[in-house]
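This report concerns a salt bridge, a pair of packed helices and a pocket. Please examine the sequence and the structure shown here before reading on.

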Amino acid sequence: MPSDLAFLVTTLTRRGLLKPGSPRRVAAQLGALRNWGFSLAGELRQAAARDPDRVALIDEERGEISYRELLDRAERLARSLRARYGVAEGDRIGVLCRNHAGLVETALAGGLLGADIVLVNTGLSGAQLATVAEEQRIRLLVHDAEFLDRVVGLPAEVERVDDREYPELVAGAPLGELRPPGRDGRTIVLTSGTTGTPKGARRPTPSGLGPLVAIIGRIPLHNGVRMMIAAPLFHTWGYAALQMAFALRGTVVLHRRFEPLAALAAVQRHSCTALFAVPVMVQRLLEVPPPATRPPLEVVAVSGSALPGGLATRFMDRYGDVLYNLYGSTEVSWAAIATPAELRRAPTTAGRPPHGTRLVIVDRRGEPTPTGQVGRILVGNELLFEGYTAGGPEQEGRGGPVDGRLLDTGDLGHLDADGLLYVDGRADDMIVSGGENVYPSEVENLLAKLPQVREVAVIGVPDRTYGQRLAAYLVLHPGETLDPDAVREYVRRYRARFSVPRDVLFVPALPRNATGKVLTRELRRYHRA
């Protein structure tokens, strides 16, 4: 048996996906995948065929809904969108929603019609939203009522539906049949937009079980998992969690907004064994009193930004060795996954590439670097994005696939002697200070270990003498104090002279986008060059 097939069968068996079932239901499940593919809608159909009465979603506002009921609602919504708004194959539906069942149903309805779904970041301003709607050629925007003030400036041709209209659209759906569309609807995820208006990245539909197996081969998610998705569903990581949950015929728990105490209570109440989050959420969980009894979590999977130094160890000391860190991006999906054992040994590691993933570190000439040497991170896997979308022709990804199989992540990193990956920062974040290459993330991780520091960001700023210099922005825990000279001396003790931040500023909070990434352009308002 070929190694790839052997790994697939072994992993699916270990995760409980090859358990025997009713021959009739198994046949219906396989038929759903054959006819509808491995899109979100296809995964819903296979789950509804195999386990129709299993709870698919628990929306804290709307309650429980089974796979059978979710499929029925998604089909009704699809028929209403087709009849009332003329949505057809190839059209684009924008979704501007927080984490709730309405977002899921809209994404499913679009997929059933062969329409593309544009997942819109809830942190966009009205002006950014109008630009995104025009560039992405959005025909219909489905949004939460709380965003009414942001949608008023949309182009006149963009029709709008807010979440208060969901019940009528579902209840009043016309009769009709939904056949598999002639094209798979694509999911378009917006890049994080930390430096301006985000671009749309067109995500491919999985062609089989390979992507799922790659992830669950490293992260032990099982058939029937009860999963709380705290990460925003408009983010690649949150949406990927939803896809995995449906593929595993699991139960998804959703809250509109993340609040640490409410999240912990929901995990306990619904017996969740998995939590998908972004790193800043994990940090916030450590800032509230732990529950009297440890939650039943077996997996806490994070992605979206780097884990600050020491956070992994502190979290596992409180909640057990359950933390998994996936390093990837909207463009490459995944590159490496760190397990709890690896994070115990090296808290800042990004881990190892999962099965079927190729990862190479190269120098400026494109040659592989020796162990320990920093270079560009290139990745190849089954789910590289298909290009950026814009108002005109589809745009190629950053630099395009290297040799047709690898994509440049835009990050710098290195591998240690054991093959563990470390991300040293964005290629465009590295600064040259007095002729020396300096990586801000290295100083960030060091300063994050100070007990007084709640969070920290380090960036490069212009310098008349050295070209660039480091500036550190620190948020302290309540009641704590630090002296800028003490901070510099601490860095000087552990790092080279050119890594010492010339500017040390104490700020009330770090500006972040909706996925928790620090907005470096906003930091500069604290700084005087």
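R202 forms a salt bridge with E386, and their closest N and O atoms are 3.0 Å apart; a salt bridge is a side-chain nitrogen of Lys or Arg within 4 Å of a carboxyl oxygen of Asp or Glu. R202 belongs to strand β8 (residues 200-203) and E386 to the loop between β16 (375-380) and β17 (388-389), so the pair ties together parts that are 184 residues apart in sequence. Helices (H or I, at least four residues) and strands (E, at least two) are DSSP runs, numbered from the N terminus. The structure holds 42 salt bridges.

The model is predicted: local features need pLDDT of at least 70, side-chain atom pairs count only at pLDDT 80 or more, and totals for chains, interfaces and linings use all residues. Residues are numbered from 1 along each chain as its sequence is written, and side-chain values use heavy atoms, with hydrogens and water left out.

Helix α4 (residues 67-85) packs against helix α5 (residues 101-113) at an angle of about 65°, with the axes 8 Å apart. Axes are lines fitted to C-alpha atoms, for helices over the stretch in contact, and angles run from 0 to 180 degrees between N-to-C directions. Contact means heavy atoms within 4.5 Å. The residues in contact include L70 and L81 of α4 and L108 and L112 of α5.

The second largest pocket is lined by 25 residues, of which R98, P232, F258, M281 and A514 lie nearest its centre. A pocket is an open set of points on a 1 Å grid over the protein atoms alone, where a 1.4 Å probe fits, with protein on both sides within 12 Å along at least five of seven lines; lining residues have an atom within 4 Å of a point.
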